[in-house]
Amino acid sequence: MKTYKNLFDKICSFQNLHLAYLKARRCKRYRNEILRFSYNLEANLTNLQKELSDQTYQHSSYREFTVCDLKKRHIKAPSFRDRVIHHALCNIIEPIFDKGFIYSSFACRKEKGTHKAIKRLERFIKLTKNKSFSKTYCLKCDISKYFESIDHKILFSLIKRKISDKKVLWLIKEILNSSYKKIRVGIPIGNLTSQLFANIYLNELDQFIKHGLKIKYYIRYMDDFLVLDYDKREICQTKEKIREFLQDKLKLELHPKKANIFPTEKSIDFLGYRIFGSYRLLRKDTVKKFIKRTKTYQKRLNKGLLSQEKFNNSLQSWLGYAQFANSWRLRKNLEEKLLINLH
């Protein structure tokens, strides 16, 4: 396996740090922290460059908060200065690892988003329906507390297979050790590097399923993954082999309530949509959540606590999600119910 060295100078280059700064501020450039950094941009980037070159850079503490979406998540947000470093590192090492990922690994990869994953699943459903078997079964799994269960020692050993530059490895360790310092297990949700590290970690599972078990119909989106097969007994055995691999090799556990086998004719609930093969619908709980959030935003708008622009942006964001499903009638009903325009 090819290993890469002489990467550190590329990470530290002023050009790369400036590109990292532009990526880190995207869609957030008017926040106070970013404005302060931008005011003395050249000096701040030069200071970062020097700290990296001298290996005196130290990752600062995180701003921590909890997000209650479909499930409660504890977020650790790094400072803007640290986010620039994260982007600078990923600019150089992400392409190296991405080349080794399987085609059906989605999430946090260029041109590998939610819609691409769903289209891939729909293609698999159509291919399996064209066969002469009476039923196709789906194994749908989720890894329990994935980000906070990633073992630093295992992760670092996987990274070292590709990266042999000692200074780059020092920087990666500095980022890894910036959170969960005592137990050396877990990576923070909120770091750009965590997204890459999470894909590197589960690439081991991808390779095992595709090449070890020789599964043809497999898709992973971060820690959610699916397997399609015609034989129910075979797919049950696959589930147990995956469980054992995760426990033995990666110290991970399948979620006890989210590792299920069912016929694909009942639809597959995946990434916020219900997939039927020839069409897709929105999940009911996401529609209810949208209605509740929109009513809250309308009240804040009427009280002058929310701008019209932010309200419109929220609607447009949800519209982009809804239009990917067969949702014309639903959107018309929501327009009448909420007195909004979803076009």
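Trainee: Why is arginine 63 called exposed?
Mentor: Its relative accessible area is 54%. Exposed means over 50%, buried means under 20%, and partly exposed lies in between, with a 1.4 Å probe and protein chains only as cover. So arginine 63 counts as exposed, at 54%.

Trainee: What kind of model is this, and how are residues numbered?
Mentor: This is a predicted model, where local features need pLDDT of at least 70, side-chain atom pairs count only at pLDDT 80 or more, and totals for chains, interfaces and linings use all residues. Residues are numbered from 1 along each chain as its sequence is written, and side-chain values use heavy atoms, with hydrogens and water left out.

Trainee: Where does arginine 63 sit?
Mentor: In strand 1, residues 63-68. Strands are DSSP runs of E with at least two residues; helices are runs of H or I with at least four; both are numbered from the N terminus. The chain has 13 helices and ten strands.

Trainee: What makes glutamate 122 and arginine 280 a salt bridge?
Mentor: Their side chains meet at 2.7 Å, N to O. A salt bridge needs a side-chain nitrogen of Lys or Arg within 4 Å of a carboxyl oxygen of Asp or Glu. This pair links distant parts of the chain: glutamate 122 is in helix 6 (residues 114-129), arginine 280 is in strand 10 (residues 280-282), and they are 158 residues apart. Both residues are buried.

Trainee: How many salt bridges does the rule give?
Mentor: Eleven. One of them joins arginine 283 and aspartate 285 at 2.6 Å, N to O. Asp269, Arg283 and Asp285 are linked in a network of salt bridges.

Trainee: Are arginine 283 and aspartate 285 buried, partly exposed or exposed?
Mentor: Arginine 283 is at 18%, so it counts as buried. Aspartate 285 is at 33%, so it is partly exposed.

Trainee: Why are glutamate 335 and lysine 332 separated by about one helical turn?
Mentor: Because they are three residues apart in helix 13, residues 328-338. Glutamate 335 has 11% relative accessibility, so it is buried. Lysine 332 has 29%, so it is partly exposed.

Trainee: Where is lysine 251, and what is its phi?
Mentor: Lysine 251 lies in the loop between helix 10 (232-250) and strand 7 (254-263). Its phi is positive, about 55°, although it is not a glycine. At 55% relative accessibility, lysine 251 counts as exposed.
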